[in-house]
Amino acid sequence: MKALHIFILFALLMALAITNLSATPSGDEPLFVDDDGDGDRSQAEPTSVGIMSRFLAQKPRGMMTCNEYPRVCRAAGSPGPDCCKRKCVNVMWDRFNCGKCGKKCKYSEICCKGKCVNPMSNRLHCGDCYNRCTKGNKCLYGMCSYA
């Protein structure tokens, strides 16, 4: 129990030290920001106003969503060329947008070329998309077997 208290105290001290180190300006950053350029600070603002953390100084960058920029989905590395609910998807293979946006396949089904199929019993899609069983064979539990 005492070791737990020591560990928590050590973790809090480390967090405090990291916070203090990240808030201090580096050597190339000025301690105070002088906007007017004349260097006279006698009548203007208090001295602590110019101190700013780098984290807070960064402006947040807006995400490029496909509903605003449809070309994002056609870029290399995109999950798919179609935009559904602000996400790039491929409606030919996506279980949650099979064939069109919002069309979900059932739990036991997969999406093959925009159609929901059951790979456990479908002869044309046995176990996976377009895995056909040969003539005279059945698809049982996702495997082709003799009839």
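In which helix is Leu 4 found? I located Leu 4 in helix H1, residues 2-23, where helices (H or I, at least four residues) and strands (E, at least two) are DSSP runs numbered from the N terminus.

Before going on I noted that this is a predicted model, in which local features need pLDDT of at least 70 and side-chain atom pairs count only at pLDDT 80 or more, while totals for chains, interfaces and linings use all residues. Residues are numbered from 1 along each chain as its sequence is written, and side-chain values use heavy atoms, with hydrogens and water left out.

I then looked up the exposure of Leu 4: because its relative accessibility is 46%, Leu 4 counts as partly exposed (buried is under 20% relative accessible area, exposed over 50%, partly exposed in between, with a 1.4 Å probe and protein chains only).

Next I turned to the strands, and found that S5 (residues 137-140) and S6 (residues 143-146) run antiparallel and are joined by four bridges; strands pair if DSSP finds at least two bridges between them. Leu 140 stands opposite Met 143 in S6, and the hairpin formed by S5 and S6 has two residues between the strands, with Tyr 141 in the turn at a positive phi of about 55°.

Last I checked Cys 144, which lies in strand S6 and is partly exposed, with a relative accessible area of 35%. Leaving aside residues up to four places away in sequence, I listed its contacts (heavy atoms within 4.5 Å) as Cys 126, Arg 132, Cys 133 and Lys 138. From Cys 144 to Thr 134, 10 residues apart in sequence, the C-alpha to C-alpha distance is 7.9 Å.
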